[in-house]
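Subject: Structure for you to look over

Hello,

Here is the structure I said I would pass on. My notes on it follow below the entry.

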Amino acid sequence: MNAYQPQPAEQRFILQNVLQAPQQLAALPAYADFDGDLLVQVTDEAGKFVGEVIAPMNREGDEVGAQWKDGAVTMPPGFRDAYQAFWQAGWPSLACATEDGGQGLPAALEAMLYENLSAANHGWTMAPGLLHGAYECIKHHASPELKARYLEKVATGEWLATMCLTEPHAGSDLGLCRTKAVPLADGCYALSGTKIFISGGEHDLTDNIVHLVLARLPDSPPGPKGLSLFLVPKFYEDGTRSAVVCERIEEKMGLHGSPTCVMRFDEAAAWIVGEPGKGLNAMFVMMNAARLHVGLQGVGLLDAAWQKADAYSKERRQMRAPGGSAKAGEADLIEQHPAMRRILDAQRAWVDAGRVVAYRTALELDILKHHGDAARRDLASRWCSLVTPVLKSAWTDQAFHGASACLQVFGGHGFVREWGIEQIVRDARVAMIYEGTNEIQAIDLLLRKTLPDGGAALLTLLAELGAELGDDPQSVRVQAELERFAGFMRGQLLPRATSKDAPADLPHWLADDFLRAVAMLLMAWAWARIGAAPGADAARWQTAQTGFWRWVWPEFGMRLSMMEDSLARA
């Protein structure tokens, strides 16, 4: 089946018609020259590059996979040439500052680019996926000397970067990290330890790799507060290779085109990034950027699955559909069967709403970075803090389960390799795990970002979402549901979950349902925004909107009921 094809016109509809991004961005001094023409030019060229260069390698990359031998990793055919063309064309540096070798364009354009890349070839995209986070980390926390050596190379993508957190015994509990960094007389550190699940820890795409590694100083306290961040490259300035060894790559369920490495540091000479004991502060710059990108992976992979299933449903004939249009003695197209229509329309509803939420988050990142009003920057910070865990969790969950539903459209053909849908199901599964598992995202949202302030930040956000909407029937309905959830929070959730006599584990039992309920509200808000946008009366948008209200939205009532039951039983 044909490779994924980006749809820049549909993406621009969200940015231009729904979110009015050009007007918002042009109001920021950094983007005073940004306009709709530039948006069209960049998105069209990005779509062309992704569709013609990156997408066609997807299947072979999966079948051949990354190959490890004697510590070296060879990437699948075409991957290196494609990456060299990618960085030399300036795509990795899209949203990096011009003084660092970047193009200084909005994060929203980078968001659309990486959504397309993930949809087209998830394995290949894992390589540049951490670049922007590494760039921000080095830019804001590294010494002037380290910046001079590494910042532009990472900003432009000439060198790729890794994020080395996880260890064999620790998993997501970073406080258990044992990797050591011993100070040396020359101001460097000798880094020793083993890190696992390191995406792109070794490869032949670039001439150098910059590793950002969490480790402990000899006198550091136990737990996460004792962690510091260090930078060690694959090659030093004089051309010598560091004592960093790729012991093996994992044999994985999916993402075969991306090497997931076990990395051993044998007293490798490294430099500290930021202050001692503040490693997580510096690393979270990378992790938060990575979580937005993982949410975009979910949107893109689900769109890729929908594209394949939708195309197949328009070609394949099976049985007679209720009210079908086939001639006597012929079968109807699969798309005419209600069961298949339900699957397709529900996934389309998730994709379109996900774009609204993700692109709005990217816009808020630009506002947070460049707006002159501190109060407006605070609003942007609140949006990113509350919405990013929802985006990461809900849309990666739907990428896997929705892709599995799309596989159902193919029947038995979906379970064999030639149609490509089974690869999307396999590749999508890991996004629910990395950059903080989806369960960790739910705990973060409820226990760390909602309960400590008595729900004030989230309640204010819900009120603001409602205030953005108009007085059309769909908007009025969404406003009522936002108020309904706010009433539940004030009247039931917050009093009980914060009560001294409540079981200590009660919020943990509620967290997943809470995040999913917030995701449903964000989707309802997104569809109200889409419905009110110019051009939304087209059949394409009306069909997906109907799919949302019929097949997706009922989950909100279920999640609310489950939380009410848990609170009543506690």
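Helix α12 crosses helix α14 in a left-handed sense. This is a predicted model, and that applies to everything below. The two helices, α12 (residues 374-409) and α14 (residues 438-448), pack at about 150°, with 9 Å between their axes. Since angles over 145 degrees count as roughly antiparallel, α12 and α14 are therefore roughly antiparallel to each other. On the α12 side the contact is made by Leu386, Pro389, Val390, Lys392, Ser393, Thr396 and Asp397. From α14 it takes in Asn438, Gln441, Asp444 and Leu445.

Helix α14 also packs against α17, here at an angle of about 95° and with the axes 8 Å apart. An angle from 65 to 115 degrees counts as roughly perpendicular, so that is the term for α14 and α17. The α14 residues in this contact are Asn438, Glu439, Gln441, Ala442, Ile443, Leu445, Leu446 and Leu447. Their partners on α17 are Pro507, His508, Leu510, Ala511, Asp512, Phe514, Leu515 and Val518. Asn438, Gln441 and Leu445 of α14 are named in the contact with α12 and also in the contact with α17.

In soluble globular proteins, nonpolar side chains tend to be buried together. The largest nonpolar core here has 197 residues, and Phe485, Met489 and Phe514 have the most contacts inside it. Helix α17 (residues 506-531) supplies the largest share of this core, with 18 residues. Beyond its neighbours within four places in sequence, Phe485 is in contact with Leu462, Phe514, Ala517, Val518, Leu521, Phe556, Leu560 and Met563. There is also a second, separate core of five residues, among them Met126, Leu255, Val294 and Tyr434.

Leu255 has a further feature: its phi is positive, about 50°, although it is not a glycine. Most residues other than glycine have a negative phi. Leu255 lies in the loop between β8 (244-249) and β9, and it counts as buried because its relative accessibility is 5%, under the 20% limit.

Gln20 is another non-glycine residue with a positive phi, near 50°. With a relative accessible area of 32%, Gln20 is partly exposed.

In helix α1 itself (residues 8-18), the buried residues are Pro8, Gln11, Arg12, Phe13, Ile14, Leu15 and Val18. What covers them includes α2 (21-26), α3 (36-54), α6 (107-120), α11 (338-370), α17 and α18 (539-552).

For helix α5 (residues 79-88), the buried set is Phe79, Ala82, Tyr83, Gln84, Phe86 and Trp87. After α5 comes Gly90, with a positive phi near 90°.

- Thr260 is in strand β9 (residues 260-273) and is buried at 9% relative accessibility. Its side chain makes a polar contact of 3.2 Å with the side chain of Lys252. Not counting residues up to four places away in sequence, Thr260 touches Phe197, Ile198, Arg248, Ile249, Glu250 and Lys252.
- Ser199 belongs to strand β5 (residues 189-199). Its relative accessible area is 19%, and since buried means under 20%, Ser199 counts as buried. Leaving aside neighbours within four places in sequence, Ser199 contacts Met126, Thr162 and Pro259. Of these, Met126 is a member of the second core.

Last, Ala570 is in the segment after α19 (554-569). At 34% relative accessibility, Ala570 is partly exposed. Apart from residues up to four places away in sequence, Ala570 touches Arg496, Pro503 and Leu506. Ala570 and Asp505 are 65 residues apart in sequence, with a C-alpha to C-alpha distance of 9.8 Å.

Regards

Notes:
Residues numbered from 1 in each chain as written. Predicted model: local features only at pLDDT ≥ 70, side-chain atom pairs only at ≥ 80, totals over all residues. Heavy atoms only, no water. Helix = DSSP H or I, 4+ residues; strand = E, 2+ residues; numbered from the N terminus. Buried < 20%, exposed > 50% of the residue type's maximum accessible area, 1.4 Å probe, protein only. Polar contact = N/O pair within 3.5 Å; in protein donor to acceptor, adjacent residues only side chain to side chain. Contact = heavy atoms within 4.5 Å. Core = buried A, V, L, I, M, F, W, Y, C linked by side-chain atoms within 4.5 Å. Axes fitted to C-alpha atoms, helices over the stretch in contact; angles between N-to-C directions. Parallel < 35°, antiparallel > 145°, perpendicular 65-115°, else oblique. Left-handed = near helix turned anticlockwise from the far one by under 90°.
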